[in-house]
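Please keep the sequence and the structure in view while you read.

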Amino acid sequence: MPAPDYFARIAPITTTALEAETATEATPDAYYNARLDPKNYLDGPLSANAATRLRQMLARPGIVVAPGICDGISARCAIEAGFECLYQSGAATTASRLGQPDLAIATLNDFVEAGQMVASINPSVPVIADADTGRMQSKFGGPVNVTRTVREYIKAGLAGLHIEDQVQTKRCGHLMGKQVVSREEFLTRIRAAVNARDSVPGSDFVVIGRTDSAQVLGMEEAITRLKLAAAAGADVCFIEGVKTAELLKSTVAALAPKPVLVNVISGGLTPTFTYSEAEKMGAKIIIFSLVSSVAMVHGVREAMRSLKRTGTDFSTAKGMDPKAFFEVMGLNDVIELDSKAGGSAFAVV
């Protein structure tokens with residue numbers, strides 16, 4: 001299908017019967033920030049600033065492929081493989097840091113600490129982070145806590161986040177039994193995130209609006225919510241659980257010119273599109289949320305079972321000695337840094 005025109009202004013959204021839920025949901029004019037117009041990011045070399053670089057990647061041809069990472073090891077492996085953008089999955093982070101399922105258990109501090117670590121490995125590689133419902137840990141939080149989340153993510157060096165419309169007791173978007181908040185509450189979260197980003201001078205931080213309403217209220221409502229999120233200032237639209245290629249294509253068409261993000265999880269609600277297939281359908285970002293976490297479970301399970309069975313880790317090490325492992329973790333960069341400063345602590349390792 002033809003690539004969406006990402007440079008056109010989004011049309012004002014008019015009130016329909018579906019929008020009668022609240023009189024404040026449809027606004028006569030969509031959010032527009034001239035400084036963040038995609039046309040400003042078309043030319044020139046890719047920035048060393050991760051958020052600016054992500055905007056450049058969104059404005060230029062080609063799909064943005066962001067594998068899900070869960071810790072420093074998976075982030076290092078993704079960068080080593082040549083990926084130019086990373087996704088800090090909520091499910092993966094919760095599993096890695098807490099050993100818990102994706103059921104709104106992790107806190108803002110968990111995500112900020114993980115995000116800061118990942119973003120520091122290569123500060124020019126954009127990291128898009130899950131923010132669930134805005135990381136609101138209290139029913140008294142609302143926009144104030146969304147604002148804090150955005151500012152903390154920006155300080156951590158993250159390039160963008162997505163905020164969704166599930167209730168506070170949320171769950172992985174590919175599980176059953178989801179519930180969503182009203183449109184107005186969802187839009188309040190989006191507006192708070194956009195305002196928080198704009199309150200940081202010069203920030204290019206990317207705000208992604210995500211809806212989980214397709215499985216709860218139907219595709220028509222999901223599209224309506226994302227159109228409203230785009231009008232409220234969301235830079236990218238993320239519809240969770242798109243079940244067919246046809247639905248993805250129609251979603252992209254309905255939301256143009258806004259870029260669309262698709263989430264692929266093997267065995268989840270969305271078919272296992274390749275990133276080339278997703279690009280042909282018009283998607284601008286594709287994330288593979290659990291690619292590292294699931295591989296890690298398989299790999300570590302096998303290693304532990306082998307150790308239990310054989311009494312040694314020789315076979316699962318596959319010839320990787322400690323130095324080779326640390327080289328994957330950036331050993332040579334540390335040695336070079338020390339040497340350039342005149343140090344000799346790591347002259348022999």
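In this predicted model, buried residues make up 50% of the 349 residues in the protein. The secondary structure comes to 14 helices and eight strands, and the points below look at some of these elements and at the side chains they carry.

**The protein as a whole**
- The accessible surface of the protein comes to about 16,300 Å², and carbon and sulfur atoms account for 58% of that surface.
- When contacts with a separation of 6 or more are considered, 68% of them are between residues 24 or more positions apart.

- T211 is found in strand β5, which covers residues 206-211.
- T211 counts as buried because its relative accessible area is 0%, and buried means under 20%.
- Setting aside residues up to four places away in sequence, T211 touches D165, A222, R225, L226, F238, I239 and E240.
- With one of these residues, D165, the side chain of T211 makes a polar contact through its own side chain and that of D165, at 2.6 Å.
- T211 and I163 are 48 residues apart along the chain, while their C-alpha atoms are separated by 8.3 Å.

**The salt bridge between R225 and D165**
- The side chains of R225 and D165, both of which are among the residues touched by T211, meet in a salt bridge of 3.1 Å, taken from N to O.

**Other salt bridges**
- The side chains of R210 and D212 meet in a salt bridge at 2.8 Å, N to O, and R210 and D212 are both buried.
- Salt bridges that share partners also join R55, R197, D198 and D235 into one network.
- R191 and E184 form a further salt bridge through their side chains, at 2.4 Å from N to O.
- R191 counts as partly exposed because its relative accessibility is 28%, a value that falls between the cut-offs of 20% for buried and 50% for exposed.

**A buried charge without a partner**
- D338 is found in helix α14, which covers residues 331-340.
- Although D338 is buried, it has no salt bridge, and the nearest side chain of opposite charge, that of K340, is 13 Å away.
- Leaving aside its neighbours within four places in sequence, D338 is in contact with G343, S344, A345 and F346.

- I73, M320, F325 and F326 make a nonpolar surface patch of about 350 Å².
- F325, one of the residues in this patch, is found in helix α13, which covers residues 322-328.
- F325 counts as partly exposed because its relative accessible area is 31%, which is over the 30% that a residue needs to be part of a patch.

Key:
Residues numbered from 1 in each chain as written. Predicted model: local features only at pLDDT ≥ 70, side-chain atom pairs only at ≥ 80, totals over all residues. Heavy atoms only, no water. Helix = DSSP H or I, 4+ residues; strand = E, 2+ residues; numbered from the N terminus. Buried < 20%, exposed > 50% of the residue type's maximum accessible area, 1.4 Å probe, protein only. Contact = heavy atoms within 4.5 Å. Polar contact = N/O pair within 3.5 Å; in protein donor to acceptor, adjacent residues only side chain to side chain. Areas by Shrake-Rupley, 256 points an atom, 1.4 Å probe, with all protein chains shown as cover. Patch = residues over 30% accessible without salt bridge, like charges linked within 9 Å, V, L, I, M, F, W, Y side chains within 5 Å. Salt bridge = Lys/Arg side-chain N within 4 Å of Asp/Glu carboxyl O. Lys, Arg positive; Asp, Glu negative; His and termini not counted.
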